[in-house]
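Please look over the notes below with the model open beside them. They take the ligand site, a pocket, the salt bridges and the backbone in turn.

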Amino acid sequence: MITNKEEYFASLKRAGDYIKSCLGDRKVPEICLVLGSGLGPLADMCEPYFSVPYTDIPDFPKSTAPGHAGKLTAGNLSGKDVFMMSGRFHYYEGHPIESIVFYVRVMKMIGVKMLFLTNAAGGIRQDMVPPQFVAIEDHLSFYAESVLRGPNIDELGTRFPDQSNVYDKKYIALLEECAKDLKINLTRGVYAYTKGPQYETPAEIRALRTLGADCVGMSTVPEAICANHMGMKVVAVSCITNMAAGISKGPLSEKEVLDTAAAASDQSCALVKEFIKRL
Ligand code: HPA
């Protein structure tokens, strides 16, 4: 929890100033893409302006999740300037809650308008058989600790933010158009956030299904809540990499998740590139 608001705010500014200095005279990109499993190659598909390890950015947390490189790239992708985060910060890594969303706040402070989140997720709805993409239209997380807990930073957003429209409907429709034209299987769905690192039990999945979840994963929602708090546009896409516990015929494994995400990588990258192009 944030205990010293001034200090936290100053650390956001230090990180933001460093990122701006890396850009030199260039304008700050308006889009920040978070590259989840399978989307790593996107960072090498742009003309980079700079690429720095998170360890070089003052006060940035360290990313420890497997398959997450831990670097920030800025460059031109599909004709638009973007930031790309290769690796994010998960609650299960042990980060304090405010560290998970530190980068989101830094991005907002330097002028980024849109956060595009991607992830791997387990399919709960029967038709969510991998490889399948989901445009997240809403989420469930009321049972998890909020990233907004603690003193509110009034400069960033209100104490009690509305969450009626976290995921922009206009961009969900655009994602659907892109997927249709690229012949990529994409459906809308509700993403249930779990803190991990253990996968869910079959009973938990049945409970989440009853509550209205279509897919489940261990990321994205903290960042979406934080970005929505600050009035950023949020777009989020899941790649279904496995059927959730109890629906899947076999046990769940990280290998299955990473292998399926890698197999779907071309489609994931194509979808994101097309979306950026049509913005
Ligand atoms: N559960 C939680 N997180 C996940 C899953 C899952 O089934 N698949 C990929 N990330």
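**Notes on the model**

1. Start with a loop. Pro197 sits in the loop between strand E7 (186-193) and helix H5 (202-211). Helices (H or I, at least four residues) and strands (E, at least two) are DSSP runs, numbered from the N terminus. The peptide bond between Gly196 and Pro197 is cis, with omega about -5°.

2. Ground rules. This is a predicted model: local features need pLDDT of at least 70, side-chain atom pairs count only at pLDDT 80 or more, and totals for chains, interfaces and linings use all residues. Residues are numbered from 1 along each chain as its sequence is written, and side-chain values use heavy atoms, with hydrogens and water left out.

3. Pro130 and Pro131 are joined by a cis peptide bond, omega about -5°. Pro131 belongs to the loop between E5 and E6. Most residues other than glycine have a negative phi, and most peptide bonds are trans.

4. The ligand shell. Which residues surround the ligand? They are Ala120, Ala121, Gly122, Tyr199, Glu200, Val216, Gly217, Met218, Thr241, Asn242, Leu252 and Val257. A residue is near a molecule if one of its heavy atoms lies within 4 Å of it. Strands E5 (114-123), E8 (215-217) and E9 (233-243) each supply at least two shell residues. E5 gives the most, with three residues. By class, the shell has seven nonpolar residues, four polar and one charged. Here Ala, Val, Leu, Ile, Met, Phe, Trp, Tyr, Cys and Pro count as nonpolar, Asp, Glu, Lys and Arg as charged, and the others, Gly among them, as polar.

5. A polar side-chain atom of Glu200 is 2.8 Å from a ligand nitrogen. A backbone N or O atom of Gly122 lies 3.3 Å from a ligand nitrogen. For a polar backbone atom of Ala120, the distance to a ligand nitrogen is 3.4 Å. Taken alone, the ligand exposes 260 Å², and the protein buries 95% of that. Those areas come from the Shrake-Rupley method with a 1.4 Å probe.

6. The second largest pocket. Its volume is about 270 Å³, taken as the space filled by probe spheres set on the grid points. A pocket is an open set of points on a 1 Å grid over the protein atoms alone, where a 1.4 Å probe fits, with protein on both sides within 12 Å along at least five of seven lines; lining residues have an atom within 4 Å of a point. Of the 19 lining residues, His139, Ser141, Phe142, Gln163 and Ile225 are closest to the centre. Strand E6 (132-140) and helix H6 (221-229) each supply at least two lining residues. H6 has the largest share, five residues. The lining has 11 nonpolar, six polar and two charged residues.

7. Salt bridges. The count is 14, each a side-chain nitrogen of Lys or Arg within 4 Å of a carboxyl oxygen of Asp or Glu. One pairs Arg14 with Asp59 at 2.8 Å, N to O. Arg14 is in helix H1 (residues 5-23) and Asp59 in the loop between strand E2 (47-53) and strand E3 (71-77), 45 residues apart. Check the Asp59 backbone too: Asp59 has a positive phi of about 65° although it is not a glycine.

Definitions and conventions. Polar contact = N/O pair within 3.5 Å; in protein donor to acceptor, adjacent residues only side chain to side chain.
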